[in-house]
Structures are given as C-alpha cells and as structure tokens.
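I am opening a notebook on this model, and I will set down what I looked up in the order in which I looked.

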Amino acid sequence: MNVVSDIYKKSSKFNNPYIEDGFDFLNHYCINDVAQLIINMSHSQFIGDLQNIRIHVNNRLLNYFDRRKFLEAASTNEKNFVEFLDSYFGNEEFLIFINKAGIWSEKILSTSAQLCKDFIKSFPRNSLSIEHHIIIGRYIRTPFGVHMDDSVDRVLHINLGPGSKNLSLWDKDTYVNANGSEYYVEDDAAISHLASSYEFRAGQGFLLPARFYHIGSSINEISIGVALAFTKKTAGLISNQICTEFKKITASFDEVKGISYDNFELSDVKKLFVQALDECIKVEKISLTDLIEIANLREWSNMCFVERTVLDYSRLQGINGSFSIKKPFSIEQYRDRRGCHFFARGHSLSITDSVTVQKIEDLLSDKSFDLCIDSESDIRSLDAVDKFKTWLVATRAAEESNISRSKSFSETLQHEQQFSRCEPPDKTSSESAFQIAAE
Ligand SMILES: [Fe+2]
C-alpha cells in the first residue's frame, strides 16, 4: 500500500480532513522541481498556456504582460527559488496558482504516478481522473475569499515548504447557517470562530474533502505546494471526454466541407455539419462504444492524469541504446473497425497494417527494445516499427537505459532546455504521429 491509498483509508474514503506526515519531500517532489516547472512553462511558445497561471499581488490579479514578466524573471533567475520569490515580490502579499501543472513537469507527473499507483489500480478504469495544481504564496488570506472547490474533486495539498500553510474549513451546514446563504464571502472574520483550522508544515500533506468551504493562508513565510485534485468521474465528464475524441476525428471535415474561417459567407453550417457528421460515422465507422473505450484508454495509459506532456522528438537524433516501458505507466491497445489504436502517456497512434500491428505487439510483450538512429538520418525514413519506437520515446512512455549518443549531438543537447522545442498538444496528437509511424 502506498501513501495515497493510506490517506484514502485514514480519511474515511476522502470524506474527512486529514493531515499526513508521510511525505518525505526529498524523496518525492521538491521545491527545485516546481522551480523547473515554471522555467519549462516560461519556454512555452503558446499564448493559451498563460491562461493556466494566475498571480495575485496584494489581492490584485496580474494581467497577461505582468504574468509573462514574472515567468521570464523566474527563467533567468540564478538565485535559490525561494530567495527569488522573496526579492521579486518584496513585502507584498502574493499567491500564484498554476492549473494542469503536470504538462510542464515530467518529473512531477512521474512522481505523482508512483505516489498514486496502488490507489489508482484499486478503482475501476475510467472512474477517476487526476490533475495537478501548484500553489505558491505568502498571503494572509486567499485573495478570492472563502470558497468551495468543484464538488467532484478531493484535493491532496502537499506542502514542500519552506513555510507552513493553513486551511480553515467549514462544513456546508455550518457555513450556510452562519452565513445565511451559500454565497462566498471575501472576509471570513464574522464566521472564523466556527472554522476548523489545519496547519500543515513542509513535508506534510493535507486532504481536503469535497463540499467543504475553505480559505487558506501562508502568513509568515512562503509556502510552495503541489495539490493533487482527484476527480470522481460523472456521466457529464465522460460525455466531455467522448466529445473531445470525436472532435479529433471530425476536425479535418471543417476544411473538406468549407466550414472554415475562410468562407465567411457560408450560411448553412448546421446542414453541412450534419452531413459531415454523417459521413464521418459512415467513413470512419466509429461507434459510441469505440469512443468511450478510446477516451478511457487514453487517460488510463497516463495513470488517470489529465495532463499530457508534449511529444518530444528532440532527444532521438543520434541515439543508440536500449529503452524500457516506463513504470508504472502502461501501453494500452484497442481495435475497432478502423484499425488498431495504441495509447501511451495520453497520446494515441493508429495503425491499419496487420503485419506492423503484430510486430508491435511482439515488441510490447518484451517491454523493452533497442533503438539506433544516427545523427544524419531522417526519422521519417525509418521503418514502421522503428517509427513506433520513436513515438514511444517521444511520449516519454519509454525510458532510456544504456544510451550512448554521437558526440556532436550530445553537445547540442546539453544546451537545449527540456521543453524548448515543444509543439502545441493538438498538432502533435494522433494524426501527425500516425503519419510518422505508419506512412
Ligand atoms: Fe480551494
């Protein structure tokens, strides 16, 4: 049994607030991992990524340009990260909140997978999903006041320090009786005597159950935390997943049918959309059962984490050695009338050729493989099975062992940041990977 399973048991199935001592953060996450995550985020080329970071300074929400400025300063900082935060924000109160944080840190994502693996496997597939939030700050009260998180989420706050963090909690009945309504309040002074207060220091985790009103503080020192949000899947959430899968398949029909930004005068979009949908179902032969299973296996291959790191082919050129499937992640497989779909770390790749599928199945049963790509060769000219191997490495589902590189390439690589060549997740999804692996 591992630490998350233990917390689940001790908190009466995530129903009671609970403080756990068992986070030896030096063996799990550490502050440097969070600092590196922010550096990786600062290298992102995509404007949408900035929506995942909110920064409040003295209760004021920073705009896009000021958030960008903070990320740039963090990425060029040469001090210790806590000292950097201290000097950047001076005497001001601040709170930084990063959603979907695992996208920018393979280290944090892999560590969480280890922490959660027994817990995840004790639940039916597709019954829960997990997301990371990073919460950093020194503040008297959470700037957005007393609030309740999503009712399907249970959140494990792991404090990496250096300061302690406090959460004040009200159960729903107490809060509504005292407050006269379910509305959130900015100032909790009138109801603070009714709260249960939990202080957790560096190396401790706090389980915040669903449906508790709460407000946080980190008064004297900066606290840096990784919060794991465990979402109980509902029918509505599964529908969203199915729609996302269907959107991936139907996206190309926009161009074919002229449903695009270029054709501004097009009026009968609904009719064309229905035709496209109809055609897609006929041509792709996709069924609802297939979509549910594909959505399920995509997330399951990433140990229930909703965050996919971007595909990274940059490590491949000049590589020569052995790889193994990274534990505790697994490669999943599903066959429908369109072919065979493989899932690795939340990415998918479809192959129709049965001989190639058989070779890949043999490769996967070994759980390890050799790969040799000289620094001059073009990945696109590899055979289908070798292309599949490169895809496994790019998804980070396979990890290196006994690797040697050609000298010139390893020198180049040393100067490369982990995510400096990242591509938008949508453009590196199944379609492009399929072309690489199966053309
Ligand atoms: Fe919250």
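**Entry on T174**

I find T174 partly exposed, because 16 other C-beta atoms lie within 10 Å (buried takes 20 or more such atoms within 10 Å, exposed 12 or fewer, and partly exposed is in between, with C-beta atoms placed from the backbone). T174 sits in helix α6, residues 172-179 (helices are DSSP runs of H or I of at least four residues, strands runs of E of at least two, numbered from the N terminus). From T174 to F212 I read 9.9 Å, C-alpha to C-alpha, across 38 residues in sequence.

**Entry on provenance**

I note that the model is predicted, that local features need pLDDT of at least 70 and side-chain atom pairs pLDDT 80 or more, and that totals for chains, interfaces and linings use all residues. Residues are numbered from 1 along each chain as its sequence is written.

**Entry on β13 and β14**

I looked up strand β13 (residues 339-344) and found it antiparallel to β14, with five bridges joining them (strands pair if DSSP finds at least two bridges between them). H341 has S350 of β14 as its bridge partner. The two strands form a hairpin with two residues between them, and R345 in the turn has a positive phi of about 50°. Which strand is largely enclosed by the rest of the structure? I record β14 (residues 347-351), because four of its five residues are buried.
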